[in-house]
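Dear colleague,

Here is the structure for your files. My notes follow below it.

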Amino acid sequence: MMMSRYLKLYTAFLKINLKRELQYRAHFFLDNLITIIWSCLLVLYYIFIYRYTAAVRGWRLEQVLVLTGFYLVFNSIFKSLIEQNFAQFTRIIYRGELDYILVKPVNSQFLISLSRFSLRSFLRLFGGLAILIWGIVAAKLKISVLIIFLSLGMFAIGQIIVYSLWFMSLLLAFRLGNIENLYYFFMSIFQTTRLPINLYPHIGELIFTFVLPLIFVATIPAQALWQPISGLIIIYGIVVAVVLLWLSHYLWQLALRSYTSASS
Amino acid sequence: MRQFLAFLSITLKDALVYRARSFIWFLADVIPVTTSIFFFSAIFSTTNTVGKYSFQSILVYYLMVLSMEILVISHPEFAIAEDINHGFLATYLIRPLSYLKFYAANELAYKMVRLLFFIPFMVIVLLLVPQGNYSIQISLYNLATFLPMFILAFCGFYFLKVIIGFMAFWFTEIWWLIGFIEILDMLFSGLLIPLDLLPLTFQKIATFLPFKYFIYVPSQLFITSLSPTQTLMNLGIQVLWLVILALLAKFVWRKGLETYASFGN
């Protein structure tokens, strides 16, 4: 009952946002063109560097392409569903616009995280998928349905983890006030996931596994396609995703208590 | 000049208020390059050289290019586009001051605040880098050639970004253009991968764009000394690009004002 209400609400958001986005078709096209070029740049980066080496700590070019594909698809989904909302998060808090959200009879975290939707990086999704498939074909991977499900499951866990961490980083706005680029703070950290996590120095690998579990963004979903993922990692991922999502909600409500609105 | 200094002192105070903001932009600059450095560190765990580079030299390379990017590239385009789109431009036009000077002072102020993070960062990194036979050479000659190149690069990039900002006269949104220039800069200034590791076609393209002369060449001064002829040649090309960009900025400004309509002001 509850779920269907939120789904209905989200469908309404989608419709409004689609109309808004399609008002400016030239911009839609140009912005997407640029994100596609960005994707190509990332691929070129690896192709250029792999002219000088065959494998980097076990990662061959094809495998890095698979990872890049996951990274880009992740990016596209996140930028479409979440980023527009996060980009205006600070402004909403700072200018007291949060009032409009709090008075509505819907979960406020849902509203502030999902009410806006953007198509500006939509085509990157297809760019990412193309690179992913290219990598899979080039690496001659044989993939069963089960493995696809496992990989996608890990990928979904990565989305939840990134959402929660990113959301929590934005809560700093309640403390720090008007920092309009606050959402770039986590975004810059997130960019480190375009590299296989196990290519970082050991300490980095530990951080990205246990402190900021960004290993689930691209590295594990990619690895799942060519090597068995231990049950422990799967369980760990699920637990971390649930805990972080809960924590983001808990901290959100804690932060709301310190919210004083703009005029009062 | 007095006007410029007055602008600078105002905008510096303003920029200091937003230290946290500057810090986040600084992170956004530093982290992608750090990622590249880690990638190369992993590559060098199995090989000794990539092209002409050792791990140490590629580290120094990235630090130098990153420094140039951070110190030289300004971002007036966002504010200019906003002024045009929201009609604030009119409030500048009616005052007896130079619009471009105001933003130049503003950018300079933000750069000064950026140094607050940049200098400690460089000190820490340089202390961490193991001292090898490959080091940064600081001599009077290097400094004397670096300084004019640095100033020319700052001005050149400023005009380039101003032109991008002015595009808001014709396009209501210019994110795509900002993104496009950023891509060109990353690839052809050597920030993504050292320019001499790119395939030859890309290296050739780089010679027709300003990024190589504004970023890559000056960043190499402290690693490999340039001969006086090479130095003069680069300075010449920089001046040429600066003149082209400044004239273009002026032209676009004039054309833009003809089409500009400020509503509700």
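A:C40 counts as partly exposed because its relative accessibility is 41%, and B:C155 falls in that class because its value is 27% (buried means under 20% relative accessible area, exposed over 50%, partly exposed in between, with a 1.4 Å probe and protein chains only). Over all chains, the search of the whole structure turns up 0 disulfides (a pair of cysteine sulfur atoms within 2.5 Å).

This is a predicted model, in which local features need pLDDT of at least 70 and side-chain atom pairs count only at pLDDT 80 or more, while totals for chains, interfaces and linings use all residues. Residues are numbered from 1 along each chain as its sequence is written, chains are lettered from A and ligands numbered from 1 in the order in which they are written, and side-chain values use heavy atoms, with hydrogens and water left out.

On the interface: 36 residues of chain A and 37 residues of chain B take part in the contact (heavy atoms within 4.5 Å). Chains A and B bury about 3,600 Å² between them, with 74% of it on carbon and sulfur atoms; buried area is the accessible area (1.4 Å probe) that two parts lose on being put together, summed over both. In chain A, the most area is lost to chain B by A:Y45, A:F48 and A:Y52, together 17% of what that side buries.

The rule finds 1 salt bridge across this interface. A salt bridge joins the side chains of A:R120 and B:E173 at 3.1 Å, N to O (the rule asks for a side-chain nitrogen of Lys or Arg within 4 Å of a carboxyl oxygen of Asp or Glu).

Regards
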